[in-house]
Structure formats: C-alpha cells, structure tokens
Amino acid sequence: MATPNKVAAVEEITKDFQESNAAVLTEYRGLTVAQLKKLRRSLGTENKFSVVKNSLTAIAAKEAGVDAFDGQLAGPTAIAFIKGDAVAAAKSLTDFAKDNKQLVIKTGFFEGKALDASAVAALAALESRELQLAKVAGILKAPMAAAARTIDALRLKLEEEGGAPAAADAPAAEEATAQEAAAPAEAPEAPAAAEAPAEEN
C-alpha cells in the first residue's frame, strides 16, 4: 500500500511532467552534492533538476502520458524538468556532462516527442531562444530602416518638385501679359452717319 509520502512524490513528479515543455533523463552516479548544486544553478531558476525514484517516476510518467522514459528508468536517476528555453537548458546539461563524465544523458522529450541522447545533443547545438529573437529583431528592423530611407528620399523628391510648377507658370504669365500689351486696341465704333435732310419740293 502506497504511503502518503510516495503518493505526494508521484503527484509532484506528475505535475512537473505536465508543466514542462521538455525533460531530460540522466544518470548521476558519482556526482557530489556540490556538483549537483552547480548543475542546478547552470540550469537557471525556471528549470528543475530532481533526483527521483525510478518506480515512482514510472507511475508519474504514465499518469502524465509520457512514454519517452519507458525502459530507461534504471540506476541513480535525476530528471531535468525544463519549463524555460529548452535549447539553453539542453546546452547547460550537455556542457556539464562534457566536464563531468559521471552525468550521463540517457533520453528525453521535447514538446511531446521522445528524444534519444543524440537528439538531446542536437537540441543543445541549436541557437538559443534569445539569439533567435535577436536575429528576428534584426531582420524586422532592417526592412523598417530601408522603408524609412525610401520614404525620406521620396519626401525630398516631392519637396524639390513642389516648387517647379510655380516657377514654370511665371514665364507663361509674363508671355500672356506681353501679348496683351502688343495687341492693338480695338477702334471705337464710328458713330452712325446722320441722315441727310429730305429735299424740298
């Protein structure tokens, strides 16, 4: 019969699975408390590195619908529950494993898909979310800058052309005035001839 402590442990692990977008199963045989503390610190505050019991983890994984760890729960087990940037966390784990051979990355899952150790390493090799966002920001900023330059150039062109019609109209007006001055004035109508007086008989 399950004790209250075991029930609580299963519930906690189940919740960790459900709230994580990724998780990595590791074997930590031979790591010291100080080394584990260093690893937890490298993962950041959003993520959690928990030493777990295999039997309880198997139950919790089943309740959470996670099958990526089937057949892998053996030996001293710890799981990195990743709630933040999965790429950055995978990189922290793989970097730590390179420097500390006692940490063995066995398997994992990312957004519901199972990952073997090589897939975890491939995930770690990707660019972090921060770097991706920085690149996206740069891509978005470049067209905006180009558009601003184009609009400014168009504005300057319109300003230059804006005074041209007025300058062009001036000679035309002067020419019209000159033509009017040169045209002869119309002769006033001659008064009608006075009728001759009728002859007297």
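Helices (H or I, at least four residues) and strands (E, at least two) are DSSP runs, numbered from the N terminus. The model is predicted: local features need pLDDT of at least 70, side-chain atom pairs count only at pLDDT 80 or more, and totals for chains, interfaces and linings use all residues. Residues are numbered from 1 along each chain as its sequence is written, and side-chain values use heavy atoms, with hydrogens and water left out.

At the start of H4, a side-chain oxygen of Asp-85 lies within 3.0 Å of the backbone nitrogen of Val-87. Buried residues of H4 include Ala-86, Val-87, Ala-90, Leu-93 and Phe-96. Buried means under 20% relative accessible area (1.4 Å probe, protein chains only); exposed is over 50%, and partly exposed is in between. The cover over the buried residues of H4 includes strands E1 (22–27), E2 (48–52), E3 (77–82) and E4 (104–110), together with helices H2 (33–43) and H5 (117–125).

The largest nonpolar core has 24 residues; Val-24, Leu-39, Leu-43, Phe-49, Leu-93 and Leu-103 touch the most other members. E1, H2, E3, H4 and H5 each give two or more residues to this core. H4 gives the most, with seven residues. A nonpolar core is a set of buried Ala, Val, Leu, Ile, Met, Phe, Trp, Tyr and Cys residues joined through side-chain atoms within 4.5 Å. Beyond its neighbours within four places in sequence, Leu-39 is in contact (heavy atoms within 4.5 Å) with Phe-49, Leu-93, Phe-96 and Leu-103. A second, separate core of 15 residues includes Ile-13, Phe-17, Ala-23 and Leu-56.

Five strands form an open antiparallel sheet in the order E2-E3-E1-E4-E5. Strands pair if DSSP finds at least two bridges between them. E2 and E5 (113–116) are the edge strands, each pairing on one side only. Neighbouring strands are turned by 20° against each other on average, direction ignored. Axes are lines fitted to C-alpha atoms, for helices over the stretch in contact, and angles run from 0 to 180 degrees between N-to-C directions. Five bridges join E2 to E3. Lys-48 has Phe-81 of E3 as its bridge partner. H2 lies across E2 and E3, at about 145° to E2. H5 packs on the sheet and touches E1, E4 and E5; its direction makes about 95° with that of E5.

Key: Polar contact = N/O pair within 3.5 Å; in protein donor to acceptor, adjacent residues only side chain to side chain.
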